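Let's take a friendly tour of a protein model, stopping at a few residues along the way. Keep the structure open beside you and find each residue as it comes up.

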Amino acid sequence: MSSWPWRALGYLSSGALVVFLIMGAAMNGMLFTEKLPGYAQLVVWVLLSAVLGMPIGAAERLRLRIVDGDPIGNPHMALDEPGLKAWLRLRIGEAATWREFSYTIALTAVLPLIDFGGVLLVGSVVILIAAPFLEPLVDLGPLIVFGYWEVATSLDRVLLVLLGLALLPPAAYMVTALAAVRMSFVRLLLAPRESESAARVQELTRSRIRLTDAFEAERKRIERDLHDGAQQRVVGLIMTLGLLEHGLQEEQSDRARLVGKARKEAEGVLAELRELIRGIHPQLLTDRGIAVAVTEVADRSPVPVHVDIILPQRLVSAVETVAYFAVQEALTNVVKHSRARVAQVTGRREGNHLVLRVGDDGVGGALPKGGHGLQGLADRVAVVGGGIKLFSPPGGPTELVVELPWRTPDSA
């Protein structure tokens with residue numbers, strides 16, 4: 001009465017469609033290679049079969065969801081460079097491609113027997129149940145079951161229906177078992193190996209680091225343009241307006257007042273521009289490192305903050321930047337939400353990690369997800385391969401632990 005036998009039957013029945021598509025592709029391949037020499041046909045067939053195995057493997061992984069609620073991932077690596085040649089070189093060299101090739105061979109030679117056996121089993125039971133009802137409508141000839149039982153009387157028909165109903169539950173279990181065997185075989189050949197999953201994680205990590213480095217380079221360019229370009233021009237404008245204001249100080253006209261107002265507006269723009277540059281990447285962080293930069297943030301905080309960061313050496317710029325903004329965001333949350341009287345920031349190297357701890361004596365109850373910007377902070381820390389831990393029981397105290405990979409300029 002559950003959905004599993006029906007899902008298993010649908011899974012086995014849909015395998016016929018995949019086999020039909022494979023046979024069609026094989027016939028087209030025969031027409032394509034029939035004029036090639038024997039050894040060339042073999043090479044082309046192997047390559048085509050290997051390439052054909054990839055979409056078949058993808059379709060089978062997708063079709064497996066009919067009976068398996070835990071989907072299996074893609075075992076193939078991401079491309080490092082574009083182009084068909086690079087794609088072929090990578091795919092032909094992958095073990096996953098040849099496992100999919102082996103599965104394609106099994107799909108055309110062995111697995112159809114499992115599919116056909118399951119469908120035939122259920123079909124036979126359905127025929128036992130339906131035949132007595134169809135006989136008056138369709139001339140089926142003499143009904144002979146199991147080779148010797150001729151169904152001729154009404155009692156025979158009733159017994160045949162009862163037999164079909166009795167065999168239906170065992171058939172349902174058998175179909176489910178066949179689908180489970182087939183599912184296990186699919187997972188054996190088409191699921192990613194542990195080494196492939198680790199390689200994909202490593203590739204994603206490298207890609208994330210490359211994006212971080214590119215962002216850091218662009219950030220430095222913007223900071224340099226603002227500092228050496230726009231900021232200097234605003235300073236020049238303020239000096240020019242100041243000289244003009246000094247020359248007009250004897251006047252009590254609207255012109256003198258407008259020049260003075262323009263100079264004050266330019267000074268406000270300069271202050272905002274400097275604050276913007278500090279928000280992008282404080283110069284103090286570049287020159288003196290994370291400890292001094294965090295101390296400067298703590299000095300500006302309305303909540304007293306004790307800073308104790310002792311590190312043996314500087315880290316790479318990307319890690320330092322994430323560490324700085326993580327502490328800055330944490331202290332901002334302390335000021336906005338904690339109602340704390342005092343806070344503290346500590347930083348140490350622990351193993352292969354930089355561990356920063358930001359604590360306060362506030363009311364606690366901070367949420368690790370979706371609360372007070374902590375999810376955005378976790379995402380930013382994750383970009384460089386780090387993570388955060390939050391301890392904030394109701395009533396406090398609160399401690400945020402930020403762990404970042406220890407990467408120095410020499411080891412990066």
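## A first stop: Leu120

Leu120 is partly exposed, with a relative accessible area of 46%. You will find Leu120 in helix H5, which covers residues 111-134. Now look for Val175, which is 55 residues away from Leu120 along the chain. The C-alpha atoms of these two residues are separated by 9.9 Å.

Please keep in mind that this is a predicted model.

## The whole chain

Let's step back for a moment. The protein chain has 412 residues, and 34% of them count as buried. Its secondary structure comes to 12 helices and 7 strands. The accessible surface of the chain is about 24,000 Å², and carbon and sulfur atoms account for 65% of that.

How many of the contacts between residues at least 6 apart in sequence join residues at least 24 apart? In this chain, 69% of them do. Pro75 lies in the loop between H2 and H3, and it counts as buried because its relative accessible area is 3%.

Next, find Glu60 in helix H2, which runs over residues 38-63. Is Glu60 buried or exposed? With a relative accessibility of 0%, Glu60 counts as buried. Leaving aside neighbours within four places in sequence, Glu60 is in contact with several residues, among them Tyr11, Val18, Tyr103 and Leu107. Arg182, Val186 and Leu190 are also among its contacts.

The side chain of Glu60 takes part in polar contacts too. One of 2.9 Å joins it to the side chain of Arg63, and another of 3.3 Å joins it to the side chain of Arg182.

## Salt bridges across the chain

A search of the whole structure finds 11 salt bridges. One of them is formed by the side chains of Arg182 and Glu60, with 3.3 Å from N to O. Arg182 lies in helix H6 and Glu60 in helix H2, so this pair ties together parts that are 122 residues apart in sequence. Both Arg182 and Glu60 are buried.

Asp68 and Arg187 also meet in a salt bridge through their side chains, at 2.8 Å from N to O. This pair links distant parts of the chain, with Asp68 in the loop between H2 and helix H3 and Arg187 in helix H6, 119 residues apart. Asp68 is buried, at 12% relative accessible area, whereas Arg187 counts as partly exposed at 27%.

## A bridge between strands

Which residue meets the side chain of Asp308 in a salt bridge? The partner is Arg348, and the N to O distance is 2.8 Å. Asp308 sits in strand E3 (residues 305-309) and Arg348 in strand E4 (residues 343-350), so the pair links distant parts of the chain, 40 residues apart. Asp308 is partly exposed, with a relative accessible area of 25%, and Arg348 is partly exposed as well, at 31%.

Some salt bridges share partners: in this way Glu60, Arg63, Asp115 and Arg182 are joined into one network.

## One face of helix H12

Helix H12 covers residues 374-382, and its buried residues are Leu374, Leu377, Ala378 and Val381. Seen down the axis of H12, these buried residues fall within an arc of 100°, so they line one face of the helix. What covers them includes helix H11 (317-338), strand E6 (387-391) and strand E7 (398-405).

Leu155, Val158, Leu159, Leu162, Leu165 and Leu168 make a nonpolar surface patch of about 540 Å². Leu168 is found in helix H6, which spans residues 154-190. Why does Leu168 count as partly exposed? The reason is its relative accessibility of 36%, which falls between the cut-offs of 20% for buried and 50% for exposed.

Definitions and conventions:
Residues are numbered from 1 along each chain as its sequence is written. This is a predicted model: local features need pLDDT of at least 70, side-chain atom pairs count only at pLDDT 80 or more; totals for chains, interfaces and linings use all residues. Side-chain values use heavy atoms; hydrogens and water are left out. Patches are made of residues with over 30% relative accessible area and no salt bridge: like charges are joined within 9 Å, nonpolar side chains (Val, Leu, Ile, Met, Phe, Trp, Tyr) within 5 Å. Accessible areas come from the Shrake-Rupley method with a 1.4 Å probe; for residues, only the protein chains shown count as cover. A salt bridge is a side-chain nitrogen of Lys or Arg within 4 Å of a carboxyl oxygen of Asp or Glu. Helices (H or I, at least four residues) and strands (E, at least two) are DSSP runs, numbered from the N terminus. Buried means under 20% relative accessible area, exposed over 50%, partly exposed in between (1.4 Å probe, protein chains only). A polar contact is a pair of N or O atoms within 3.5 Å; within protein, one must be able to donate a hydrogen and the other to accept it, and residues adjacent in sequence count only if both atoms are side-chain atoms. Contact means heavy atoms within 4.5 Å. The arc is that of the directions from the helix axis to the C-beta atoms.
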